[in-house]
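Hi everyone, thanks for making time. Have a look at it first.

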Amino acid sequence: MTLTAPTTELPPAPPQGRGGRPGQLTATRRREALTGYLFTAPTIIGFLVFVLGPLVAAIYLSLTKYNILTAPKFVGIENYVRMFRDERLATTYGNTVLYVGAAVVLINGFALLFAVLINQRLPRALTYVFRSAYFFPYLVALVYVSIIWQALFQKDTGILNYYITALGGERIDWLNSSEFSKVSVIIVDTWRNVGFAMLIFVAALQEVPKDMVEAARMDGANEWQIFRRITVPMISQATFFNITITIIGAFQIYESIIVLTRGGPGDASRSVVMYIAEVAFNKFDMGYASAIAVTLFLIIMLVTLVQFRLRKSWVNNE
Amino acid sequence: MSNTNALSAGGGTARRSRPRPGIGKSISVALLVLGAIGMVAPFLWMFTTSLRDASHAYDLPPQWLPTEWDWTNYTDAVSGPVPILRNMLNSAVIAIAVSIGMIVTAPMAGYAFAKLDFPGRNSIFVALLSSLMVPAQVTIIPLFLLMRAFGLLDNPLSLILPGVTGALGVFLLRQFFLGLPQEIIDAARMDGATAWQTYRLIALPLAKNAVSTLGVITFLGSWNAYFAPSIFLNSTDTATLPLGLVLMLGPYGAGNVAQVMAATTIAIAPALIVFLVAQRWIIASLTQSAVKG
């Protein structure tokens, strides 16, 4: 990679300067380059030691058998082959994909709905109150909100079931049935993240040119047509960003499940990250856990790269 | 749930609102109010329960507003078997150290990537940005082995060291410095300021808001973190607050719910303070990178 190479090179001398003697200019540019490297050094070192190095190590470990006590033994792609026969992996990946699908649809659906509603001409104070209420859960640790929700979800003492039975419904075993344990995880995930996605949509909606909407209205377009033909295309960037963020976030879902259901009953609500943690840190099967983690990395990389490509080069967007 | 109804009714509003805008608006305000209640209610329940006697914590029908202001659960929570105050201190030390590190390293790097010319600048930046797509779960095993090799497991440094630098902060600050007119930098250099002086005395003060936002975001991210702490820390004395609260809750929510809610209320306080003080900046900086560009 081109990461470390530049640090050892001296900057090429510029062909010509904007004034002054060429030698002096080169010295200035060298100094500037040196400053650049010094300024970025802590970040680059942190990146090499805590991101790139571990990433490479994880890929290497994924090709080994390693139980921490004895040295890693190279086994080629055995760990990857093993995944295909691992039923627990299939279950946990299946659950995770369900969480991802639910997150994409529910978070973005509700977020867009609330964003459109909030974006109307409402009294400023009201807009502020709504924004705050929807956004606040996003600032609170997922662990904390999950702790609150697990109390609300309790079968006999939880207030959710209290209201459900008060309305004539049956008590739901939110946390201990194989279907509803997943539903509970999805509810908490949606509830916590909808506010952030909503803010992204609101910011995008405010960029939609008002005169364009007015012109369409003059031409007799109804609100639905305006929404469908003008708003949706205009906010596509934000939509895409939100979808990417929700996919990546939901693939990594972890602590809410720990608090709500502990992955249970059985593996009914267990996510793939929980499974990785279990294989790595309870069974100390580090090689296999690394292989699963690498598949997760590949998925997230793919999703991100698609986002990068579809968005007009944000790196060089100066 | 009421939310499902909200979704279908919302579609209807959009279609029907034109002939009767007044009604459309009241429907949408009603929906927003309903949603907002759904967002706030769990926190309200948490707070009310934290003020109730433990034996009444699960009384039904639920009470939404505190009827008495009994702080016993708070004193019980902090003096219980899980050292919540200690855990809070651990969280605070880690979060403060990480935030300070980040607001020193990220603006420097962001400035260099935006305003200094050096070979490899763009490729290094792209490589750095690409670390945003490396999930923590992939690096956690090698990091665990690294921390173990250096004897840093069960030590706050295992969370501080990887936290003091990061691509997101560099990205945010680079965006800010790109918007800074080059003339300001050039003028300072003309006047004989060194690169460091130009950065420290001219550029950095102008980035005050961006740096504060970064500090706040970093602090909250660390304060709220669960995954890495749950793997690197394994004793109640080194545990951070989220770990302490999960311990306190116990398996299957068996802990004393009123005390747990009291502790959770304390744990949420920093987020609430940040929210009240800095909500606007955070919203602005989080949303701008998504919408522009």
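Let's start where the two chains meet. The contact takes 95 residues from chain A and 82 residues from chain B. In contact here means that the C-beta atoms of two residues, placed from the backbone, lie within 7 Å. On the side of chain A that touches chain B, helix H2 (residues 22-61) of chain A gives the most, with 19 residues. Sorted by class, that side of chain A has 70 nonpolar, 18 polar and seven charged residues. The classes go like this: Ala, Val, Leu, Ile, Met, Phe, Trp, Tyr, Cys and Pro are nonpolar, Asp, Glu, Lys and Arg are charged, and the others, Gly among them, are polar.

Some housekeeping. This is a predicted model, where local features need pLDDT of at least 70, side-chain atom pairs count only at pLDDT 80 or more, and totals for chains, interfaces and linings use all residues. Residues are numbered from 1 along each chain as its sequence is written, and chains are lettered from A and ligands numbered from 1 in the order in which they are written.

How does the model score? It gets ipTM 0.84 and pTM 0.86. Then there's pLDDT, the predictor's confidence in each residue, from 0 to 100. Chain B averages a pLDDT of 85, and 89% of its residues score at least 70. Among the elements of chain B, the lowest mean pLDDT, 39, belongs to helix H1 (residues 2-16), and the highest, 96, to helix H7 (residues 157-163). Over residues 1-19 of chain B the pLDDT is below 50, and this stretch has 27 contacts in the model beyond near neighbours in sequence.

Now, chain B as a whole. How many helices and strands does chain B have? There are 14 helices and zero strands. Of the 293 residues in chain B, 45% are buried. Buried means that 20 or more other C-beta atoms lie within 10 Å of a residue's own; 12 or fewer is exposed, in between is partly exposed, and C-beta atoms are placed from the backbone. Among contacts in chain B with a separation of 6 or more, 74% are between residues 24 or more positions apart.

Domains next, with bounds that come from an automatic or database domain assignment. Chain B is divided into domain 1 (2-70) and domain 2 (78-291), and their centres, taken over C-alpha atoms, are separated by 33 Å. Eight residues from domain 1 of chain B and eight residues from domain 2 of chain B take part in the contact. Chain A gets domain 1 (5-61) and domain 2 (85-310), with 40 Å between the centres, again over C-alpha atoms.

Let's zoom in on a helix pair. Helix H4 (residues 84-115) of chain B packs against helix H13 (residues 241-249) of chain B at an angle of about 155 degrees, with their axes 8 Å apart. That makes H4(B) roughly antiparallel to H13(B), a label for angles over 145 degrees; under 35 is roughly parallel, 65 to 115 roughly perpendicular and the rest oblique. The axes are lines fitted to C-alpha atoms, for helices over the stretch in contact, and angles run from 0 to 180 degrees between N-to-C directions. On the H4(B) side you'll find Ile84(B), Asn87(B), Met88(B) and Ser91(B), and on the H13(B) side Leu241(B), Leu243(B), Gly244(B) and Met248(B). Eight of the nine residues of H13(B) are buried, and just after this helix Gly250(B) takes a positive phi of about 75 degrees.

Stay with H4 of chain B, and find Pro107(B) in it. Why does Pro107(B) count as buried? Because it has 25 C-beta neighbours inside 10 Å. Leaving out residues up to four places away in sequence, Pro107(B) touches Leu173(B), Leu204(B), Ala207(B) and Val211(B).

Last stop, chain A. In helix H6 (residues 142-152) of chain A, eleven of the eleven residues are buried, so this helix is largely enclosed by the rest of the structure. Trp149(A) and Gln150(A) are among those buried residues of H6(A).

Terms used
Helix = DSSP H or I, 4+ residues; strand = E, 2+ residues; numbered from the N terminus.
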